[in-house]
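Got a protein chain open and wondering how to read it? Let's go through it together, one question at a time.

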Amino acid sequence: MTTTKSKVVYSPVFTDGAEFRIPTFKLLKQDGKLYKSAKAPDLDKDKALRIYRAMVTTRILDERMLAAQRQGRLSFYMQCTGEEAAVIGSAAALDDGDMIMAQYREQGALAYRGFTIDEFMNQLFGNEMDYGKGRQMPVHYGSKKLNYMTISSPLATQIPQAAGYAYGQKLRGEGLCTVTYFGEGAASEGDFHAALNMAAVHRVPVIFLCRNNGYAISTPAAEQFAADGVAPRAYGYKMDVIRVDGNDILAMYQATQEARKLAVEHNRPVLIEAMSYRLAAHSSSDDPSGYRSKDEEAVWREKDPILRMRLWLESKKWWSEDDEKQLQENMRREVLETMKRAQKRPPPPLESLVSDVYDEVPPALAEQFDKLKAHIRRYPDEYPKSAEHAKGGA
């Protein structure tokens with residue numbers, strides 16, 4: 001049974017969906033000027049500058065921490081470079097109470113919500129002040145106070161979780177929604193389809209935001225799917241959908257604003273496909289020169305979302321070259337100084353290895369922990385950061 005009546009025909013008619021061509025929503029040109037007939041969203045100076053500072057903060061943090069990984073200070077890092085508008089523009093359109101379920105390239109959303117450089121660094125170095133107690137890989141952030149669900153490494157698991165969380169929001173009648181971010185590669189996982197179907201059937205306030213950055217690690221979009229991107233898949237679930245220029249901060253902000261209204265006021269889930277490009281490698285373990293050209297990257301560097309917003313701010317007399325210089329200098333200094341502090345902080349207490357799972361540590365686990373401490377005491381040179389904890393009988 002279908003949910004609607006279909007037209008009856010008397011000879012075989014096949015369709016492949018080619019008639020559905022989804023337009024791309026744009027407002028801001030690369031020179032910082034609006035397109036003809038385009039109207040900027042209602043964005044005041046204070047909020048615009050908050051967005052821009054979060055974009056610059058994210059870019060500087062990414063540059064510095066990738067360098068730290070190359071120096072051996074970090075084991076791993078992932079950059080948001082080139083996708084700042086897609087992430088921060090959308091996050092800025094949300095209510096601070098809305099839940100964010102990210103993939104692993106959305107640190108800009110946290111920066112916008114107020115996650116400090118100290119908090120970033122504590123997680124990256126897994127020290128005693130890390131909210132995750134050193135149990136996660138670097139870049140797997142989480143913040144309960146900022147409604148940012150802790151990131152999980154397995155690809156796409158956050159997408160059905162977002163549908164379920166939004167269902168709870170609907171039942172509670174809070175007037176809030178959930179937004180979940182993922183790449184176009186994750187949209188090939190079964191979790192993506194299960195989530196969209198659940199959200200559409202139960203009509204839950206969730207925004208599925210796909211960052212289509214052209215590559216699933218090294219696999220180009222042309223080898224991932226034959227259809228016109230990810231957006232047309234929404235039709236299969238009778239879901240509202242919009243495609244946006246992901247490097248256009250104003251378009252991302254307005255599209256997410258409208259998507260949030262549909263989600264919260266009408267319980268209509270929405271799929272947003274943000275068309276962007278990953279200027280950096282997939283991660284610090286990746287070398288993109290093996291699967292894409294420098295010429296291709298250069299084309300997209302000319303579409304830098306941060307420069308585009310800066311030119312728009314300057315056109316409104318809200319920003320200047322002196323402002324830019326001061327922001328760059330201050331942020332670079334803060335990132336460097338904070339990194340040095342975070343590196344010197346000790347690791348989480350050894351006993352935190354067996355906490356948080358059970359109300360009381362069971363005998364079998366306590367026995368294993370005692371053996372671990374004995375092992376560390378026996379080989380203190382092999383475990384210098386843990387040896388002091390073990391000596392103290394922690």
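Q: Is C210 buried or exposed?
A: This is a predicted model, where local features need pLDDT of at least 70, side-chain atom pairs count only at pLDDT 80 or more, and totals for chains, interfaces and linings use all residues. Residues are numbered from 1 along each chain as its sequence is written, and side-chain values use heavy atoms, with hydrogens and water left out. Buried means under 20% relative accessible area, exposed over 50%, and partly exposed in between (1.4 Å probe, protein chains only). C210 has a relative accessible area of 0%, so the word we want is buried.

Q: How many disulfides does the count come to?
A: A disulfide is a pair of cysteine sulfur atoms within 2.5 Å. The closest cysteine sulfur to that of C210 is in C80, 14 Å away, which is too far for a bond. For C177, the closest cysteine sulfur is in C210 at 17 Å, again too far for a bond. By this rule the count is zero.

Q: Why is strand β4 largely enclosed by the rest of the structure?
A: Helices (H or I, at least four residues) and strands (E, at least two) are DSSP runs, numbered from the N terminus. Strand β4 covers residues 178-183. On one side sit T178, T180 and F182, on the other V179, Y181 and G183, and all are buried. So β4 is largely enclosed because of its six residues, the number buried is six.

Q: Which residue of β5 is the bridge partner of T178?
A: Two strands pair if DSSP finds at least two bridges between them. β4 and strand β5 (residues 206-212) pass that with six bridges, in the parallel sense. Within β5, the partner of T178 is V206.

Q: Which residue in β9 does L209 stand opposite?
A: β5 pairs with strand β9 (residues 270-275) over six bridges, in the parallel sense. In β9, the residue opposite L209 is I272.

Q: How far apart in space are A199 and A166, C-alpha to C-alpha?
A: A199 lies in helix α6 and counts as buried at 0% relative accessibility. In sequence, A199 and A166 are 33 residues apart. In space, C-alpha to C-alpha, the distance is 8.3 Å.

Q: What is the phi of V139, about?
A: Most residues other than glycine have a negative phi, and most peptide bonds are trans. V139 is in the loop between α4 (117-125) and β3, and counts as buried at 1% relative accessibility. V139 is not a glycine, yet its phi is positive, at about 75°.

Q: Is K317 buried or exposed?
A: Look for K317 in the loop between α9 (305-315) and α10. K317 is a residue other than glycine with a positive phi, near 65°. Its relative accessible area is 72%, so K317 is exposed.

Q: At roughly what angle do the axes of α1 and α10 cross?
A: Axes are lines fitted to C-alpha atoms, for helices over the stretch in contact, and angles run from 0 to 180 degrees between N-to-C directions. The axes of helix α1 (residues 45-70) and helix α10 (residues 321-344) come within 10 Å. They cross at roughly 45°.
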